[in-house]
Amino acid sequence: MDLGTDYLGLALRNPIIASASPLSADVGTIRKLEDSGAGAVVLPSLFEEQIRQEDLQAEMLTSVGAESSPEANSYFPVSVAYNAGPHGYLDLVARARDAVDIPVIASLNGTTEAGWIDYARLIEQAGAAALELNIYRIASDPLVTGAGAEADCVALVKAVRSRVGIPLAVKLHPYFSASGALATQLDHAGADGLVLFNRLYQPDIDLVSLDWSEDVALSGAGEIRLGLLWLSLLAGRMPHASLAASTGVQTADEVIKYLLAGADAVMTTSALLRHGPGHLRSLVHGLEIWLAAHGFASVTAVKGLMRRAHPDEGIEGLERRDYVQSLSGYRGPYVHR
């Protein structure tokens with residue numbers, strides 16, 4: 001049974017990737033993820049805000065009492081050269097790369113173009129096999145149009161692509177106004193892969209304390225449908241970029257469905273946080289069992305088998321037809337009363 005797949009131009013032993021989470025912040029746990037069957041691992045995101053905070057703290061430490069003596073400044077390095085921010089993350093990249101044989105993919109979440117570019121270059125120098133650009137932004141400003149927000153994303157990818165040589169994945173949320181067009185533009189801009197989708201932080205309200213609840217809700221298997229739809233629409237239509245699925249992967253069933261829809265790789269986080277790194281074994285084993293039971297000799301044989309394609313009508317026509325059929329054919333419990 002050949003479980004191998006290609007993602008971002010990287011040869012993976014299987015399509016299941018342990019995506020960014022607290023688990024991948026520790027080299028020992030990264031080894032466990034590899035031993036349990038991960039095809040690759042994505043490190044937690046490096047946030048530009050965290051780096052700025054560390055830089056500010058370093059500046060404060062190096063300036064306290066600095067003018068109390070004419071020689072005091074010589075005791076501290078120049079703040080510009082004092083690379084306080086990303087050094088811990090870069091060390092994690094280097095140590096993880098040396099500790100495992102599977103690809104180690106770094107993740108970056110910037111706020112400024114300079115920040116994205118500078119830290120992307122440092123991550124490349126640290127030895128990451130690839131870089132995931134975690135574009136987490138909500139166009140909440142009434143003056144920002146959908147076209148403007150999408151153009152900013154494309155410009156960002158072009159800027160980073162022009163400065164780094166390692167493969168780039170772009171992790172997107174599903175709330176852009178024209179996701180198909182954006183995906184195509186990102187492909188042309190130099191993205192080697194697209195990750196569908198990032199889950200936006202969605203707060204709740206505590207009715208007792210009358211305060212915002214800031215807990216993070218882990219995903220469930222019921223959340224895969226949006227990803228299935230867009231993967232099936234985009235599969236086979238990206239000239240260069242590979243596709244990765246993210247969100248809702250709890251069992252091997254979700255892995256298989258995503259592959260059938262057209263994913264080249266499938267990422268999981270919540271299931272590993274719930275059950276631990278060893279849960280990867282059940283995902284890999286379940287994939288093997290299903291492939292064998294259905295007579296498939298490889299993952300490649302099933303990738304995109306269920307992608308949305310119809311020779312006689314466009315994609316929009318197909319989607320509208322399916323929408324009408326699903327609604328008109330609904331026979332829920334209340335309808336039969």
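So, a helix here is a DSSP run of H or I with at least four residues, a strand is an E run of at least two, and both get numbered from the N terminus. Keep in mind that this is a predicted model, where local features need pLDDT of at least 70, side-chain atom pairs count only at pLDDT 80 or more, and totals for chains, interfaces and linings use all residues. Residues are numbered from 1 along each chain as its sequence is written, and side-chain values use heavy atoms, with hydrogens and water left out.

Okay, the holes. We put a 1 Å grid over the protein atoms alone: a cavity is a set of points where a 1.4 Å probe fits but cannot get out, a pocket is an open set with protein on both sides within 12 Å along at least five of seven lines, and lining residues have an atom within 4 Å of a point. Points are joined across faces, edges and corners, and the volume is the space filled by probe spheres set on them.

Let's take the second largest pocket, at about 420 Å³. It has 14 lining residues, and closest to its centre are Arg225, Leu228, Leu229, Lys257 and Arg308. Helices α7 and α8 (252-261) each supply at least two lining residues. By class, that lining splits into seven nonpolar, two polar and five charged; Ala, Val, Leu, Ile, Met, Phe, Trp, Tyr, Cys and Pro count as nonpolar, Asp, Glu, Lys and Arg as charged, and the others, Gly among them, as polar.

Now the largest pocket, about 940 Å³. Of its 38 lining residues, Ala20, Lys171, Asn198, Arg199 and Val216 lie nearest the centre. Elements giving two or more residues are β4, β5, β6 (130-134), β12 (265-268) and α9 (270-275). Here the classes come out as 16 nonpolar, 17 polar and five charged.

Since β4 came up, how many of its eight residues are buried? Seven, over residues 40-47, where buried means under 20% relative accessible area with a 1.4 Å probe, protein chains only. Five bridges join β4 to β5 (residues 104-109), and the two run parallel; strands pair if DSSP finds at least two bridges between them. Leucine 46, for one, stands opposite leucine 108 in β5. Strand β3 (residues 16-18) is also parallel to β4, with two bridges, and alanine 18 has valine 41 as its bridge partner.

Last, the cavity. Helix α6 gives the largest share, three residues.

Notes. Buried < 20%, exposed > 50% of the residue type's maximum accessible area, 1.4 Å probe, protein only.
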